[in-house]
Amino acid sequence: MATQKRILVTGGSGLVGQGIKAASEADKRSDEEFIYLCSKDADLTDREATKAVFKKHQPTHVIHLAAKVGGLYGNMRANLQFFRINSAINDNILSVAQEMGVKKVVSCLSTCIFPNETTYPIDETMIHNGPPHDSNYGYSYAKRMIDVMNKGFNQQYDTEFTAVVPTNVFGPFDNFNLEEGHVMPGLIHKVYKCKENNTPLTVWGTGRARRQFIYSKDLGRLFLWVLREYKETEPIILSVGEEDEISIKEAAEFVAKGFDFKGDFVYDTTRSDGQYKKTASNAKLRKYLPDFKFTPMDQAIRETCEWFTANYSTARI
Ligand SMILES: NC(=O)c1ccc[n+]([C@@H]2O[C@H](COP(=O)([O-])OP(=O)(O)OC[C@H]3O[C@@H](n4cnc5c(N)ncnc54)[C@H](OP(=O)(O)O)[C@@H]3O)[C@@H](O)[C@H]2O)c1
């Protein structure tokens, strides 16, 4: 009989955590039990609280998502806090996991932590090759140190700590706050309002910046594969292909379609575009999983718009 796995998902109430929940419920295994944590279960910046929650649940595996997460504007306002809070959470999770005998931890990096000046497409080998974009250096350096710690723990304690690198995630349970959130949930919230008020859509920036977006439910399916099958310490980029990168203007058009919004678009060029592009290669992922099928963009965005409309009163806005 397979050994029973108790998988603790930190940050389980958030966008990515709920994507993993949806994926695990669609692909149930009798040897797996998932425990989803939110910040009310334990403040993971606090080492004693972290220890207590590990003692309570006795996990054999951890998916580590908990983080202070924000969009471009949220990051620019608070780089120091993004660095300190995320560094504390990551250090607590990895060191307590090792002390408590957890064999495998899958942590979450992001393509926005890669060097600002780089060649494209970016791949897994380039994470530490130069300073990140100045808008989010705090978040980026804290995330990069997870990769450093994974190597150290695996070398010194024979653990199987690794990390994944998603591109921009969107889906149900996202943070749809207009000031703090990411571009896709921001667009969804704005188009919802514009349709309601019959006003034009104001897109922040020129609309020319380009991004790869991954649907949280697809990311959830890929996370489960990493947890079950992936053996490397080195991170793996979880993304749609380079050919699926779209401009912010195209993203806004998908959202307009998702809500059947027919109004005008206005571009507020006093707002920063952030990094022009961050094209990531999913060649490593494709080597492992050549046949993985991503949800088509229009379907994924339509489902998210429908979720937002149905959950407007309780969503994070
Ligand atoms: N969103 C993206 O586009 C994206 C892209 C690449 C990588 N990632 C990474 O994916 C992971 C999950 O992000 P997400 O987008 O799902 O974020 P999210 O929706 O904001 O969720 C964050 C999660 O972390 C928890 N959390 C925050 N501070 C905590 C603390 N001090 N103690 C305990 N739990 C805490 C939150 O709990 P509460 O719900 O109780 O607040 C929530 O469950 C993060 O590591 C992020 O860096 C995200």
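Predicted model: local features only at pLDDT ≥ 70, side-chain atom pairs only at ≥ 80, totals over all residues.

Let me begin with Ile 188, which lies in helix H6. By way of contrast, Ile 188 and Ile 122 are separated by 66 residues in sequence and lie 28 Å apart in space, taken from C-alpha to C-alpha.

The axes of H6 and H8 come within 9 Å of each other and cross at roughly 45 degrees. That angle makes H6 oblique to H8, and the crossing is right-handed. On the H6 side the residues that meet H8 are Val 183, Met 184, Leu 187, Ile 188, Val 191, Tyr 192 and Lys 195, and on the H8 side their partners are Ile 248, Ala 251, Ala 252, Val 255, Ala 256 and Phe 259.

Now to helix H10, residues 297-310, whose 14 residues reach 20 Å from the first C-alpha to the last, close to the 20 Å expected at 1.5 Å a residue. Which residues of H10 are buried? They are Ala 300, Ile 301, Thr 304, Cys 305 and Phe 308. As a reminder, an α-helix has 3.6 residues a turn, so residues three or four places apart point the same way. On the face of H10 turned away from that buried side we find the exposed residues Asp 298, Gln 299 and Ala 310. The cover over the buried residues of H10 includes strand E6 (168-170), helix H6 (183-197), strand E9 (213-215) and helix H8 (248-259).

Let me turn to two other helix pairs. Helix H4, residues 79-99, and helix H5, residues 137-157, pack with their axes 8 Å apart and at an angle of about 15 degrees. H4 and H5 are therefore roughly parallel to each other, and H4 passes H5 in a right-handed crossing. Among the H4 residues that take part are Phe 82, Phe 83, Asn 86, Asn 90 and Leu 94, while those of H5 include Tyr 141, Met 145, Ile 146, Met 149 and Phe 153.

The other pair is helix H1, residues 15-26, with helix H7, residues 216-229, whose axes come within 7 Å and cross at roughly 70 degrees. H1 and H7 are therefore roughly perpendicular to each other, and their crossing is right-handed. The residues that meet here include Gly 19, Ile 20 and Ala 23 in H1, and Gly 220, Phe 223 and Leu 224 in H7.

I would like to finish with the loops, and with the one between E4 and H5 to begin with. Ile 113 lies in this loop and counts as buried, because there are 22 C-beta neighbours inside 10 Å. Ile 113 and His 133 are 20 residues apart in sequence, with 7.7 Å between their C-alpha atoms in space. Leaving aside neighbours within four places in sequence, Ile 113 is in contact with Ile 127, Pro 132, Ser 140, Lys 143 and Arg 144. Pro 121 is also found in the loop between strand E4 (104-108) and H5, and the peptide bond from Tyr 120 to Pro 121 is cis, with omega near 0 degrees.

Gln 58, in the loop between helix H2 (47-57) and strand E3 (61-64), has phi near 50 degrees, a positive value in a residue other than glycine. Asn 198, in the loop between H6 and strand E7 (201-204), likewise has a positive phi, near 60 degrees, and is not a glycine. Are these residues buried or exposed? Gln 58 is exposed, with 12 other C-beta atoms within 10 Å, and Asn 198 is exposed as well, with 8.

Note on methods: Residues numbered from 1 in each chain as written. Helix = DSSP H or I, 4+ residues; strand = E, 2+ residues; numbered from the N terminus. Expected span 1.5 Å × (residues − 1). Buried ≥ 20, exposed ≤ 12 C-beta atoms within 10 Å, placed from the backbone. Contact = placed C-beta atoms within 7 Å. Axes fitted to C-alpha atoms, helices over the stretch in contact; angles between N-to-C directions. Parallel < 35°, antiparallel > 145°, perpendicular 65-115°, else oblique. Left-handed = near helix turned anticlockwise from the far one by under 90°.
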